[in-house]
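Hi,

Here is the structure I promised to pass on.

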Amino acid sequence: MRPLRNPVIQSILSSILAAWMKFCFATIRWSYEGREHAERVWTDGGGVICAFWHSRIGLSPACWDLTRAQPAKALISLSPDGQFIAKAVALQGFPAVRGSSANKDKADAAKGGSRALRDGLKQLKIGALAITPDGPRGPVRVMAEGMPLMARMSGAPVLFIGMSCKPAVRLNSWDRALLPLPFGRGAIVYDLRRYPDGVDLADVTGTWTELLTAVEARADAITGLARL
């Protein structure tokens, strides 16, 4: 059995990871662009989709001010590795809606797609839902249609979030996931959109893919982190 699939090891490592992330976030010097979009979302309250690429999950708690913002949940895959990530994120105030927004060619029964859609729409009636639209297995920065579909069905706005920090550790994972290091420079870039009336799902998916990549690239430019 793989170590990360052992529940005891998952709990220990997720606690350590959550504590490390909190320490790093507190010591990083953060810069913001487009924060007025997040401020508007926090002031309005209600449902909002928070979108960022899968490689930046390790930075995601830094983008959401739990002292001011509406309650948030994170859409995490039903894979065993997803359970480990879900525990670390939940310890920082972001409980999980289990399922996957990607790999639409796989059966819903296997990936929890139907349940994730139902529970995600339920969450969007009261608060925020964080989604990585290229997760859980990629391809990197290729958006599946699940997130735009949820935006269309719910009518909720989508907050596009690019996050970066330097120095950082890149994991040897499919997405080269980023983990923060302390006392560095960080950047968070926001943009806000709603699903446009009368536009095909495929067209919105393509446009939103470019937008999400653009805010992430801008955050990397601010910190000086090399793009991969």
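To start with something you can check on screen: is E39 buried, partly exposed or exposed? E39 is partly exposed, at 26% relative accessibility (buried means under 20% relative accessible area, exposed over 50%, partly exposed in between, with a 1.4 Å probe and protein chains only).

Before the rest, some ground rules. This is a predicted model, so local features need pLDDT of at least 70 and side-chain atom pairs count only at pLDDT 80 or more, while totals for chains, interfaces and linings use all residues. Residues are numbered from 1 along each chain as its sequence is written, and side-chain values use heavy atoms, with hydrogens and water left out.

Salt bridges

The count is 10 salt bridges (a side-chain nitrogen of Lys or Arg within 4 Å of a carboxyl oxygen of Asp or Glu). E39 makes one of them with R68, with the closest N and O atoms 2.4 Å apart. That pair links helix α2 to the loop between β2 and β3, 29 residues apart (helices, H or I of at least four residues, and strands, E of at least two, are DSSP runs numbered from the N terminus). R68 is partly exposed too, at 39%.

R218 pairs with E33 at 2.6 Å between the closest N and O atoms. R218 sits in helix α7 (residues 201-223) and E33 in strand β1 (residues 29-33), so this bridge ties together parts that are 185 residues apart in sequence.

E216 is buried at 1%, whereas R227 is partly exposed at 32%.

Nonpolar parts

The largest nonpolar core has 36 residues, and W64, L159, I161 and Y190 have the most contacts inside it (a core is a set of buried Ala, Val, Leu, Ile, Met, Phe, Trp, Tyr and Cys residues joined through side-chain atoms within 4.5 Å). Elements giving two or more residues to this core include α1 (7-27), β6 (158-170) and β7 (178-193). Apart from this core lies another of 27 residues, among them I131, A156, Y195 and W208.

Beyond its neighbours within four places in sequence, Y190 is in contact with residues including E33, W42 and L159 (contact means heavy atoms within 4.5 Å).

Cheers
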